[in-house]
Amino acid sequence: MNNLEQLNRQQQLAVLHGEGPLLILAGAGSGKTRVITHRIARLILEEGVRHWNILAVTFTNKAAREMAERVRFLMGSDDIPLISTFHSACGRILRKDIAALGYESSFVIYDDKDSERLLKDLINNLNLDEKRFPAKAIGARIDDCKNRGLLPDKLSESELWNRRFIEIYAAYQESLRRCNALDFGDLILQTVRLFEHNPDLLAYWQNRFQWLLVDEYQDTNPAQYQLIRLLAGERKNLCVVGDDDQSIYSWRGADIRNILEFEKDFPGVTVIRLEQNYRSTSTILKAAGSVVSRNIGRKVKTLWTENKDGEMIRLVTLENDRLEARFVITEIQALAQQGLDLTQIAVFYRTNAQSRLLEEALTAEGIPYRLVGGVRFYSRMEIKDVLCYLRMLENPADEISVKRIVNVPSRGIGAATLERVSEISVTKQMTLHDAFEYACSSEMLASGTRKKVSAFVELMRGLRVKAATSTLSELVKSVLNDTGYLMRLKESHDPDDAERVENLAQLVSAVEEFSAATPNATLADFLEQVALVSDLDQGGTGANAITLMTLHSAKGLEFDTVFMVGMEDRLFPHIMTFDDRDGMEEERRLCYVGMTRARERLYLLNARRRMVFGMEQTNLPSRFLKEIPKEYICKGTDKRNISSQPHIRPSGTVSSLKSHNLASVTPVADELVIVPEVSDDICENCIGLKVRHAKFGVGTIRKTEGHGDNQKVVVWFSESGPKKLLVRYAGLERV
């Protein structure tokens with residue numbers, strides 16, 4: 001094939017490999033998709049493999065479509081193999097043979113919402129407390145079990161919660177069978193069961209798919225791994241492509257051991273390393289490699305490139321998170337003035353909550369942006385819930401807000417009650433809010449329902465009193481706490497709810513910042529400002545827009561310029577990984593993924609102070625920054641007079657980027673001041689260290705203050721919570 005001349009030597013070896021297992025370790029930007037598609041085309045055109053004997057699987061429909069298009073182009077034909085996602089391939093197998101498991105081939109596939117509704121009914125039927133067993137959290141745990149290939153009979157009944165969960169899980173599976181339905185996790189799990197219990201069917205599909213190719217193998221979970229092993233059979237014509245340094249989805253069930261132990265699982269495997277990078281400058285590549293090389297659980301590989309050295313990485317420390325956001329916007333304006341297309345600029349952050357300040361600053365400056373893999377801050381469910389409480393306190397006649405929050409969090413006021421109270425509102429010609437108050441003193445509701453409605457009315461009366469006497473931030477905290485909204489999220493087992501808590505912390509910070517900027521502002525002023533931001537958001541999605549996204553969403557993408565913000569310990573790496581080596585190594589891989597998205601220009605930013613739940617938090621710079629050799633970075637602090645407030649234009653309109661006077665904006669490289677390294681104090685680097693105290697037991701250091709004899713630490717003890725201790729008197733022992 002003449003096309004082989006376009007490939008480097010290692011890529012050619014991977015394409016030309018014959019029978020037997022093949023592991024392609026494809027580093028970032030090394031052309032793995034090109035290798036997969038060329039290998040498929042060669043098997044068919046030169047080796048005579050029939051296209052229906054090949055199965056190629058990947059993780060997204062987009063990736064599958066792009067791969068199929070490339071194969072069609074290489075072959076000049078539409079007779080191409082099945083190239084699909086895992087779920088789609090399993091759906092095809094089950095449509096043909098699921099009868100062997102007692103289902104009909106006409107089965108339906110339930111999405112997450114369908115599954116959640118089914119679980120809610122089951123939890124009610126089992127007379128279980130919805131607060132302790134929330135349907136969404138139960139669904140997430142069931143999905144995790146299915147990713148690991150575990151049905152209810154394989155789980156341990158070690159504690160009451162587990163026994164109840166197993167009971168729900170078993171009832172859920174039985175209900176799915178009765179409805180002739182599968183959820184997404186079932187598509188793979190039931191295919192594995194089909195093959196394990198029906199050797200003749202397994203043999204049929206092994207003969208059908210004699211050649212297997214798996215993309216992004218580092219992201220496979222145990223159920224997918226078992227499926228691949230079964231299909232590979234004795235032939236073992238299995239080619240897997242992946243990069244252990246980009247394994248960042250353990251929270252979705254991915255198991256890095258699948259790629260790390262591939263050679264043990266498939267003896268005689270050929271291993272080919274794709275180490276030439278075609279994307280990034282040499283400086284970015286070496287810096288990223290120096291970070292990820294600190295991991296223990298990885299395959300040794302060293303990426304290199306023929307690209308130029310390029311610009312040094314800009315490492316910038318700002319005084320606070322608002323200045324961090326303003327710095328990013330100023331740099332974007334400077335880059336745009338130099339002619340860089342906005343679509344080639346991306347800002348990455350560790351958690352979705354961090355987008356809030358960036359969105360506000362971009363909106364204020366009229367810079368269009370698009371948010372990938374998330375919902376705009378003020379449109380997020382939990383933010384809108386709390387804002388509706390505030391709107392109702394400001395304007396009790398706001399019927400939309402009343403309807404949204406009357407049963408949020410759940411307080412037993414269902415649709416039937418809401419409909420009855422709405423009828424009272426129409427009949428008595430009063431607002432819906434007043435109708436709820438009226439219903440408390442009338443006989444128009446059953447006594448049990450009236451009691452629930454009365455509790456809601458009393459809650460709102462109490463909040464109205466606080467609205468008249470509290471500061472804005474105190475009022476928001478009262479809404480979060482008095483309604484039970486925040487506690488419900490904190491008690492949840494759903495990982496999405498942990499992120500919602502972080503978003504609410506950002507909302508409190510937004511209120512604090514608004515109050516500080518406008519001391520005499522009212523609740524109405526804040527709500528108006530939020531409404532304006534939300535309206536402006538709608539217009540900020542033009543084609544020429546910068547990209548905001550979490551680091552997890554950035555995998556597989558590339559940009560000329562990348563800003564990575566929030567490079568601070570406790571934020572990135574995330575505090576939840578401090579006591580977990582595997583978790584910390586995944587955070588480091590996430591840093592590597594973010595850095596290697598940049599083609600030409602990389603900014604790493606951190607703030608000395610950051611607002612969390614309206615309180616200022618001081619974090620150390622991310623430990624990952626110290627792992628970058630000094631010769632690759634331009635380190636310093638920004639000395640320009642960057643205002644923490646957005647530029648205010650008359651009439652409140654949003655101007656286009658072209659209308660700004662950008663001529664006076666200087667690129668950051670000209671304004672950096674080199675600063676000396678700060679010497680480490682005894683506890684400067686002890687954040688996350690486990691210690692033992694004679695009275696409080698074992699805990700983890702979360703914060704340090706001061707130096708020398710006056711140094712203090714905040715330790716979070718598992719039994720008694722946080723304690724601030726003077727180091728020289730505390731008698732702490734390292735665990």
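Start in the largest nonpolar core, which has 50 residues; Phe348, Met564, Met595, Leu602 and Leu604 touch the most other members. A nonpolar core here is a set of buried Ala, Val, Leu, Ile, Met, Phe, Trp, Tyr and Cys residues joined through side-chain atoms within 4.5 Å, and buried means under 20% relative accessible area (1.4 Å probe, protein chains only). This is a predicted model, where local features need pLDDT of at least 70, side-chain atom pairs count only at pLDDT 80 or more, and totals for chains, interfaces and linings use all residues. Residues are numbered from 1 along each chain as its sequence is written, and side-chain values use heavy atoms, with hydrogens and water left out.

Several elements each give this core at least two residues, among them α25 (581–595) and β14 (598–612); helices (H or I, at least four residues) and strands (E, at least two) are DSSP runs, numbered from the N terminus. Take Leu602: leaving aside residues up to four places away in sequence, Leu602 touches Ile284, Ile313, Arg314, Val562, Met564 and Met595, with contact meaning heavy atoms within 4.5 Å. There's also a second, separate core of 48 residues, including Phe456, Leu480, Leu504 and Leu507.

Now hop to Asn619, in the loop between β15 (615–618) and β16 (633–638). With 9% relative accessibility, Asn619 counts as buried. Its side chain makes a polar contact of 2.7 Å with the side chain of Arg570 and another with that of Gln617 (3.3 Å). A polar contact is a pair of N or O atoms within 3.5 Å; within protein, one must be able to donate a hydrogen and the other to accept it, and residues adjacent in sequence count only if both atoms are side-chain atoms.
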